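Please consult the sequence and the structure while reading.

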Amino acid sequence: MSNEAMQVRALRGRVVTPDHIIDDGAVVLSGTHIAWVGPADRAARAGFGDVVEQAQTAPEGGYLLPGLVDVHCHGGGGESFPNAETAEQAMISVREHRRFGTTSLVASCVTAAPEVLKARTRVLARLCEDGELAGIHFEGPFVSVERCGAQDPTYIIDPDAALTRELIELGDGHVVTMTIAPEKPGITSDDGVNAALIEGGALPSFGHTDSEAAPVRAALADAAARIAERIEAGKMVRSPRSTATHLFNGMRPMHHRKPGPVPEFLAAAQRGECVLEMIGDGVHLNPAIVLDMFETLGRDNVVLITDAMAAAGMADGDYVLGSQPVTVADGVARLTEGGAIAGGTAHLIDVVRTTWHGGVDLVDAVYAASVQGAQILGDPYVGALRAGLWADVVVTDADLRPVTVLRRGETVEPAT
């Protein structure tokens, strides 16, 4: 542990808590954890007056945010998790997002041959064990060919509970979610994929679907019942709710005569059964629809994600996502052949800023990119500025541009 991570020190600025902003607040760090959070003028009463007097101060009008939690990210910095054959390659992406304030990151794979998925899982699970990654997400291979987006249809297969269990076992407790199309066979039975995921400590994430309404409702209800049954029996679940993979993207659009999956996801969120991912980067979704979802569903039912790929933090050019060539122009990633949007190029702090500028209250936008992700992970030690949690803090300027990032009390390489 570095000397920095053993010190008692403070940060001062506009502190964004889960419920409000403290205009002149302080966050006191003791080694790797948060010791105290509150108004700066109350620090002396808490025994931290001298420490706060010496605090590092945010730029004028700047903020102190919790370290952000991204539960759906394929890469950045020129590398991607679906293509990382070594831990060193994967860490390039981890560091790219970390230096922009994402201190807890779930590595997302894409549809690939089973042996490729197993190999990637072994690499990523080791990084999870080392505390570098927060978990693993499989986006496929049990998805819809019709709504595959940037997933390679060559490797899309019908749901396979045995393969699911094998990936979970290789993940050694670190598999967080798997994206599955609810209309496919083998989802809802006792020996189906829903059961394999939930029993294995992971969550189904419904998406990349061309389904009509009824299969979506059935799959959501099945997942909710299985999760509730385990909770009632005192058995472990990662989180009490399933998720929906990037709402609106990769799914049949809503129509009043053919409603499709979207209304079912909205209804399930309102019932408290599902958390809906949104890629609020201004490319995948218009900020107006993101605002609508916050106002319609409330912040507790949505989670902001990046869906970032290798080009996050990089220049326009040619990249790959799994087996698919991708061309990035004007910051938008699309399949080189066919033109489908192929993941994001933003960091999660950019998504928060875009969402905030789109009209969502800053406290709620940050909540959806921190607390909410922590709840999906089932990790009570990240996602908020609160005493006892890891010392994960993002110091920003007045427009949420990161100037300092701390992870577990240590300063991360600065963003450029």
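Q: Are Trp36 and Phe48 buried or exposed?
A: In this predicted model, a residue counts as buried when its relative accessible area is under 20%. By that criterion, both Trp36 and Phe48 are buried.

Q: Which kind of aromatic pair do Trp36 and Phe48 form?
A: The ring centres of Trp36 and Phe48 are 6.4 Å apart, and the planes make an angle of 35°. Planes under 30 degrees apart count as stacked and those over 60 as edge-to-face, with the rest in a third class. The pair of Trp36 and Phe48 is therefore classed as tilted.

Q: How many residues apart in sequence are the parts that Trp36 and Phe48 tie together?
A: Trp36 belongs to strand E3 (residues 33-39), whereas Phe48 lies in the loop between E3 and helix H1 (49-53). The pair therefore ties together parts whose separation in sequence is 12 residues.

Q: Which kind of aromatic pair do Tyr63 and Trp356 form?
A: The centres of these two rings, Tyr63 and Trp356, lie 6.0 Å from each other, with 85° between the planes. An angle over 60 degrees places a pair in one particular class. The pair of Tyr63 and Trp356 is edge-to-face.

Q: What is the relative accessible area of Trp356?
A: Tyr63, in strand E5, is buried at 5%. Its partner Trp356, in helix H9, is partly exposed, and its relative accessible area is 22%.

Q: Which ring lies under the charged end of Arg299?
A: The charged end of Arg299 is 3.7 Å from the centre of a ring and sits over it. That ring belongs to Tyr367.

Methods
Residues are numbered from 1 along each chain as its sequence is written. This is a predicted model: local features need pLDDT of at least 70, side-chain atom pairs count only at pLDDT 80 or more; totals for chains, interfaces and linings use all residues. Side-chain values use heavy atoms; hydrogens and water are left out. Rings of Phe, Tyr and Trp (its six-membered ring) pair if their centres lie within 6.5 Å; planes under 30 degrees apart count as stacked, over 60 as edge-to-face and the rest as tilted. Helices (H or I, at least four residues) and strands (E, at least two) are DSSP runs, numbered from the N terminus. Buried means under 20% relative accessible area, exposed over 50%, partly exposed in between (1.4 Å probe, protein chains only). A charge sits over a ring if NZ of Lys or CZ of Arg is within 6 Å of the ring centre and within 35 degrees of the ring normal.
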